[in-house]
Each structure stands twice: as structure tokens, then as C-alpha cells.
Amino acid sequence: MVMSKIETEEQFNQLLKEDTFLLFKHSVTCPVSAEAFEQYERYILENAQIKTAYLAVQEARPLSNYVAETFDVKHQSPQAILFKSGKPTWNESHWRITYDSLSKAISE
């Protein structure tokens with residue numbers, strides 16, 4: 001599993017064409033985000049079939065805002081957003097991003 005970091009709307013929109021796509025919004029300066037990112041990493045390492053990417057909000061704020069505004073999902077970081085058929089079907093933030101919450105959301 002290769003973790004992809006994205007920074008542009010074009011990269012995001014390409015991934016959005018997948019049936020299922022998990023986006024993780026990461027703050028590189030936040031300890032809560034660091035813990036959530038570890039949960040995300042652990043999950044995707046054990047579930048390599050999931051199409052996923054992450055963005056660093058400090059480096060890709062325009063993309064983070066684009067996602068929030070386009071899909072009416074309030075911006076938070078850390079934040080995990082699951083897209084199915086191009087639409088957000090689940091999102092969670094902060095301490096609620098766990099291996100188990102990711103597993104449950106993706107398996108539903």
C-alpha cells in the first residue's frame with residue numbers, strides 16, 4: 001500500500017472517480033491529528049484494497065476548503081471522509097478516527 005499525498009483539486013477529482021475513496025485531512029502540527037493519522041495508517045496498511053489519499057491542511061488549505069465547500073462537509077482536522085460513488089457517505093474527526101471507526105464505516 002502506497003500512501004498518496006494530494007495537494008490539488010485535480011488529484012482529488014481523479015480519486016473521486018473511484019467507487020469508494022477515503023480522504024484523510026491531516027494537520028502536521030496537531031498531536032490529536034498525529035494519533036488519528038497513526039490509526040489511519042494502521043487501517044490502510046491492513047486494508048490495502050482501499051483507495052485512499054491524505055492531505056496536509058497546512059500545505060493544501062485550498063484543497064481542504066474545496067472539499068468542505070463542494071460537499072458541505074464542515075472543515076475539521078484531523079478528519080476522515082469516506083466517498084462512495086463520488087459523494088461523502090461518512091465523516092469523522094479528531095479522537096473519533098480510530099481503526100475500528102474506519103473499519104466500520106468502510107464495511108457498511
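Strand β1, residues 20-26, is mostly covered, with six of its seven residues buried. The model described here is predicted.

β1 has two pairing partners among the strands discussed below. With β2, which spans residues 52-56, the pairing is parallel and runs over five bridges. With β3 the pairing is antiparallel and runs over six bridges. The table sets out these pairings.

| Pair | Sense | Bridges |
|---|---|---|
| β1 and β2 | parallel | five bridges |
| β1 and β3 | antiparallel | six bridges |

Individual residues mark these pairings. L23 stands opposite A53 in β2, and K25 stands opposite Q79 in β3.

Is Q79 buried or exposed? Its relative accessibility is 0%, and buried means under 20%, so Q79 counts as buried.

Leaving aside residues up to four places away in sequence, Q79 touches L23, F24 and K25, as well as V73 and K74. The list of its contacts also holds N91, E92, S93 and I97. What does the side chain of Q79 reach at 3.3 Å? That side chain reaches the backbone nitrogen of Q76.

One further distance places Q79 relative to another residue. N47 lies 32 residues from Q79 along the chain, and the C-alpha atoms of the two are separated by 19 Å.

Methods. Residues numbered from 1 in each chain as written. Predicted model: local features only at pLDDT ≥ 70, side-chain atom pairs only at ≥ 80, totals over all residues. Heavy atoms only, no water. Buried < 20%, exposed > 50% of the residue type's maximum accessible area, 1.4 Å probe, protein only. Contact = heavy atoms within 4.5 Å. Polar contact = N/O pair within 3.5 Å; in protein donor to acceptor, adjacent residues only side chain to side chain. Helix = DSSP H or I, 4+ residues; strand = E, 2+ residues; numbered from the N terminus. Pairing = 2+ DSSP bridges.
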